[in-house]
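Subject: Structure handover

Hello,

Here is the structure you were expecting. Please open it alongside this note; my findings follow below.

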Amino acid sequence: MSMPEKLQEAVPKARRARIRTLIQHCEELPTVPSVVKTITQLTSDVNCSLGELEAAIKADQSCVARLLQLANSALYSPDANRPVTSVRRAVLAYGLNAVKNLTMSLTVFECFTTKNSAEIAVVDTIRLHSLAVASLSKYIAATSAREIDEDLAFCAGLLHDIGRIVLWHMFPQEYYALLTHFDQASDVEISKAEFDTFEVTHAVAGQWLGEQWRFPAPLLQAIATHHSTHVANPLIATVMLANALADMQGIGLGGMVRSSGLDALLRMLGLTSKYVDDYARYLEDNMPNLTHIVSGT
């Protein structure tokens, strides 16, 4: 191999290593202004209910990720055998005033400060997809023949694409360009486009962040394997099924969905094909509310 060829081979490896280093030093993820405003108002109200605060936090994957990071830190959760996997437990572990401080420290997507409507629309699309997958994951957990924790399923569904937020945060112009190109070329698999550009996919970026932020193992596995062809367990199958059905409904940036893959997921969950229509109706019925949450109106 000639020296130029060796150098060409080293470039992608060096970029992958650089991205992993950046993620290892990542202490924040961007969110949207409406989330920060709502949570700040709630935590400033002495009469704020835990349910209201929980709902506001669960509207945003960046806020949930940061909260779980702190709740599972050595300071707040010294017992590694009892990881915090729900927003409610995280709020109780972390405390109301600390949640307020956390929210005030959150950064905001730059496109919201520059009022770039095209970029804001893509951010909202990512958020809507994650909320749809989270909501449907919880519903699948409730209706599946398997024993699946509903709150864990919700968090796994909400955080499955957290790697997209990571890549957008670190490379806003490049990642936005990639997503808009993908939108115009539906035959291109987004994970391949990510790997060709960054030498990592959003699943890998999310996994690296989750490892650094001490996410519980079930959440880490859901983030890392939600595009896998192997169905590891019912929780993973739940998130994968919810993700596939959301894509089929056009909720999000799209993706390749194979009917054979759906059959395998249903078998893992002890379900028949009739549930596909039921879950599709669930998404359709809940879309107005999910869109309302994302728009913040």
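Glutamate 211 counts as partly exposed, because its relative accessibility is 39% and the buried class stops at under 20% while the exposed class starts at over 50%. Its salt-bridge partner is arginine 20, with the closest N and O atoms 3.5 Å apart. The two residues sit in distant parts of the chain: arginine 20 belongs to helix H1 (residues 3-24), glutamate 211 to helix H13 (residues 202-212), and 191 residues separate them. Arginine 20 is also partly exposed, at 34% relative accessibility. Please keep in mind that this is a predicted model.

More on charged pairs. The whole structure holds seven salt bridges. One of them joins aspartate 60 to arginine 127, with 3.6 Å between the closest N and O atoms. This pair, too, links distant parts of the chain, 67 residues apart. Aspartate 60 lies in the loop between helix H3 (50-57) and helix H4 (61-71), whereas arginine 127 lies in helix H8. Are these two buried or exposed? Aspartate 60 has 1% relative accessibility, so it counts as buried. Arginine 127 is buried as well, with a relative accessible area of 1%.

Aspartate 161 and arginine 164 form another salt bridge, at 3.4 Å from N to O. Both aspartate 161 and arginine 164 are buried. There is also a network: Glu54, Lys58 and Arg88 are joined by salt bridges that share partners.

Now the overall picture. The protein chain has 17 helices and two strands. It runs to 297 residues, and 49% of them count as buried. Take the contacts between residues at least 6 apart in sequence: 72% of these join residues at least 24 apart.

Next, the nonpolar core. In soluble globular proteins, nonpolar side chains tend to be buried together. Here the largest nonpolar core has 101 residues. Which members touch the most others? They are Leu29, Ile57, Leu67, Leu159, Trp168, Leu179 and Leu241. Helix H8 (residues 117-143) supplies the largest share of this core, with twelve residues. Leucine 179 is worth a click. Leaving aside residues up to four places away in sequence, leucine 179 touches Val122, Ile126, Trp168, Ile190 and Leu253.

Last, two helix pairs. Packed helices are described by the angle between their axes and the distance between the axes.

H8 packs against helix H9 (residues 150-159) at about 155 degrees, and their axes are 7 Å apart. The two are therefore roughly antiparallel, since angles over 145 degrees fall in that class. The crossing of H8 and H9 is right-handed. On the H8 side, the contact involves Ser130, Leu131, Val133, Ala134, Ser135, Ser137, Lys138, Ala141 and Ala142. On the H9 side, the residues are Glu150, Asp151, Ala153, Phe154, Gly157 and Leu158.

Helix H15 (residues 234-248) and helix H17 (residues 274-295) pack at about 65 degrees, with axes 10 Å apart. That makes H15 and H17 roughly perpendicular to each other. Their crossing is right-handed. Leu241, Leu245 and Ala246 of H15 meet Val276, Tyr279 and Leu283 of H17. Leu241 is also among the core residues that touch the most other members.

Best regards

Technical notes: Residues are numbered from 1 along each chain as its sequence is written. This is a predicted model: local features need pLDDT of at least 70, side-chain atom pairs count only at pLDDT 80 or more; totals for chains, interfaces and linings use all residues. Side-chain values use heavy atoms; hydrogens and water are left out. A nonpolar core is a set of buried Ala, Val, Leu, Ile, Met, Phe, Trp, Tyr and Cys residues joined through side-chain atoms within 4.5 Å. Buried means under 20% relative accessible area, exposed over 50%, partly exposed in between (1.4 Å probe, protein chains only). Helices (H or I, at least four residues) and strands (E, at least two) are DSSP runs, numbered from the N terminus. Contact means heavy atoms within 4.5 Å. A salt bridge is a side-chain nitrogen of Lys or Arg within 4 Å of a carboxyl oxygen of Asp or Glu. Axes are lines fitted to C-alpha atoms, for helices over the stretch in contact, and angles run from 0 to 180 degrees between N-to-C directions. Angles under 35 degrees count as roughly parallel, over 145 as roughly antiparallel, 65 to 115 as roughly perpendicular and the rest as oblique. A crossing is left-handed if the near helix is turned anticlockwise from the far one by less than a right angle, and right-handed if clockwise.
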